[in-house]
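Here is a short report on one protein chain. It moves from a helix to the core, then to the charged pairs and a single side chain.

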Amino acid sequence: MQTPSGLGGLLDAFRDALYFLDGDGCLLGCNESGRELLHRGDGLRVVRQRLVLDSEHAQARLRDALSAPHRCARSLALSRTEGMSGALAVLPLEATDDGAR
């Protein structure tokens, strides 16, 4: 799993885990903190290239956030067995005319 091109170490400097998903929930990339959290398998994982949350309720909310016609920022609870619980912020990005996001 790589950091999106052109952003290099910038996103890895964030202590928070960052994940980049398409509208279907497929994981396009993440930063180093995101890779570490996925490696621990505590609260979320990747199944068939999709980010999957351990909580069924949070997973349903993530699907809703990604598929909503008027997508807006949302926060989802992240249940973890190790360490502190967390939150997953979903911030939709739209493609520009030149295809950039």
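## Ground rules

Helices and strands are DSSP runs, numbered from the N terminus: a helix is H or I with at least four residues, and a strand is E with at least two. This is a predicted model, where local features need pLDDT of at least 70, side-chain atom pairs count only at pLDDT 80 or more, and totals for chains, interfaces and linings use all residues. Residues are numbered from 1 along each chain as its sequence is written, and side-chain values use heavy atoms, with hydrogens and water left out.

## Salt bridges

A salt bridge is a side-chain nitrogen of Lys or Arg within 4 Å of a carboxyl oxygen of Asp or Glu. Side chains of opposite charge can pair when their charged atoms come close. The count here is 3 salt bridges.

Glu32 and Arg35 both sit in helix H2. They are 3 residues apart, about one turn of the helix. Their closest N and O atoms are 2.9 Å apart, in a salt bridge. Arg35 also forms a salt bridge with Asp12, with the closest N and O atoms 3.4 Å apart. That pair links distant parts of the chain: Arg35 is in helix H2, Asp12 is in helix H1 (residues 8-12), and 23 residues separate them.

Asp54 forms a salt bridge with Arg45, and here the closest N and O atoms are 2.6 Å apart. Shared partners join Asp12, Glu32 and Arg35 into one network of salt bridges.

How accessible are these residues? Relative accessible area sets the label: buried is under 20%, exposed is over 50%, and partly exposed lies in between (1.4 Å probe, protein chains only). Arg35 is partly exposed at 22%. Asp12 is partly exposed at 29%. Glu32 is partly exposed at 35%. Arg45, at 38%, is partly exposed. Asp54, at 41%, is partly exposed.

## Helix H3

Helix H3 (residues 56-67) has 12 residues. From its first C-alpha to its last it reaches 16 Å, close to the 16 Å expected at 1.5 Å a residue. The expected span is 1.5 Å times one less than the number of residues.

Which residues of H3 are buried? They are Ala58, Gln59, Leu62, Ala65 and Leu66. Seen down the axis of H3, the buried residues fall within an arc of 120 degrees, so they line one face of the helix. The arc is that of the directions from the helix axis to the C-beta atoms. On the other side of H3, Glu56, His57 and Ser67 are exposed.

## The nonpolar core

A nonpolar core is a set of buried Ala, Val, Leu, Ile, Met, Phe, Trp, Tyr and Cys residues joined through side-chain atoms within 4.5 Å. The largest one has 16 residues. Tyr19, Leu38, Leu44, Leu53, Leu62 and Leu76 touch the most other members. S2, H2, S4, H3, S5 and S6 each supply at least two residues of this core. H3 gives the largest share, 4 residues.

## Asn31

Asn31 lies in the loop between strand S2 (27-30) and helix H2 (32-40). Asn31 is buried, with a relative accessible area of 0%.

What does the side chain of Asn31 reach? Another is the backbone nitrogen of Gly34, at 2.9 Å.

Definitions and conventions
Polar contact = N/O pair within 3.5 Å; in protein donor to acceptor, adjacent residues only side chain to side chain.
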